[in-house]
Amino acid sequence: FPAILNQLKADMTKSDTYVIVLTARIGRLQDAIENVLRINTIQVDEVSVKNGGAEKDVRVKNFLTKFPNVDTVNLYDDRDKEMKVFGQLKNDIGDKYQVNIYRATDGNFALVESTNKALKIVSEEISIYKRNNLLWLI
C-alpha cells in the first residue's frame, strides 16, 4: 500500500492531473468510502461509485467526455475482471489516448498494458515508407 499511496500523493501534486477513485461499490456506500479516504488523509478529486449500474469502462468514457483535453489515462486495479475490462477499454480508446493499465498486488503495482503512441506513429510511417518507397533518415 505505501507504493500506491506514494504514487497517488505524487500525482495529486500535479496541476494537470485529476485523480478519481473509481470503485465498483454501490452508490449508498459513497459516504463511507469518502470517510475512509478522509480518515487516512487520502485526498482525491472525485469518488465515482457504481450508480445506475454503470461499469468502470463506461464511467471512464464519461470522464473523458467531461475532460476533453485529457491525453493520458492511468488505470489501477487489483481484480482480474477489471483487468479484462480495462484491456478492452484500451483497445477502444487507445488511438486517441495514452492508456496505461496497472495491476495492484500486495500494496504495489505493475504496468501490465500500455498504448504507445510514439511506437504507433513510427509503425504508421514505416508503412507509408514501404508503400511509397521513400527513404528518410532521422
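Among contacts between residues at least 6 apart in sequence, what percentage join residues at least 24 apart? In this chain the figure is 56%. Keep that in mind as we walk through the structure, which is a predicted model.

Let's start with the overall layout. The chain has 138 residues, and 28% of them count as buried. Its exposed surface comes to about 9500 Å², with carbon and sulfur atoms supplying 53% of that. Five helices and five strands make up its secondary structure, and if you read along the sequence you get the pattern α-β-α-β-α-β-α-β-β-α.

Look at strand 4 and strand 5 and you'll find them paired in the antiparallel sense over six bridges. To find your way along strand 5, pick out Asn-108, which is the bridge partner of Thr-105.

On to the aromatics. How many aromatic pairs does a search of the whole structure find? It finds two. Tyr-18 and Phe-67 make a tilted pair, 4.6 Å centre to centre and with 45 degrees between the planes. These two come from distant parts of the chain, 49 residues apart: Tyr-18 is in the loop between helix 1 (2-12) and strand 1 (20-22), while Phe-67 is in the loop between helix 3 and strand 3 (72-77). Tyr-18 is partly exposed, because its relative accessible area is 35%, and Phe-67 also counts as partly exposed, at 24% relative accessibility.

Tyr-76 and Tyr-102 form a stacked pair, with 4.6 Å centre to centre and 10 degrees between the planes. This pair takes us back to the sheet, since Tyr-76 belongs to strand 3 and Tyr-102 to strand 4 (residues 98-105), 26 residues apart.

Finally, have a look at Arg-59, which you'll find in helix 3 (residues 56-66). Is Arg-59 buried or exposed? Arg-59 is buried, because its relative accessible area is 6%, and buried means under 20%. So what is around it? Leaving aside neighbours within four places in sequence, Arg-59 is in contact with Leu-22, Thr-23, Ala-24, Ser-48, Val-49, Lys-50 and Ala-54. One of these, Leu-22, is 37 residues away along the chain, yet the C-alpha atoms of Leu-22 and Arg-59 are separated by 8.2 Å. Another of the contacts, Ser-48, has its backbone oxygen 2.9 Å from a polar atom of the Arg-59 side chain.

Technical notes: Residues are numbered from 1 along each chain as its sequence is written. This is a predicted model: local features need pLDDT of at least 70, side-chain atom pairs count only at pLDDT 80 or more; totals for chains, interfaces and linings use all residues. Side-chain values use heavy atoms; hydrogens and water are left out. Helices (H or I, at least four residues) and strands (E, at least two) are DSSP runs, numbered from the N terminus. Buried means under 20% relative accessible area, exposed over 50%, partly exposed in between (1.4 Å probe, protein chains only). Contact means heavy atoms within 4.5 Å. A polar contact is a pair of N or O atoms within 3.5 Å; within protein, one must be able to donate a hydrogen and the other to accept it, and residues adjacent in sequence count only if both atoms are side-chain atoms. Rings of Phe, Tyr and Trp (its six-membered ring) pair if their centres lie within 6.5 Å; planes under 30 degrees apart count as stacked, over 60 as edge-to-face and the rest as tilted. Two strands pair if DSSP finds at least two bridges between them. Accessible areas come from the Shrake-Rupley method with a 1.4 Å probe; for residues, only the protein chains shown count as cover.
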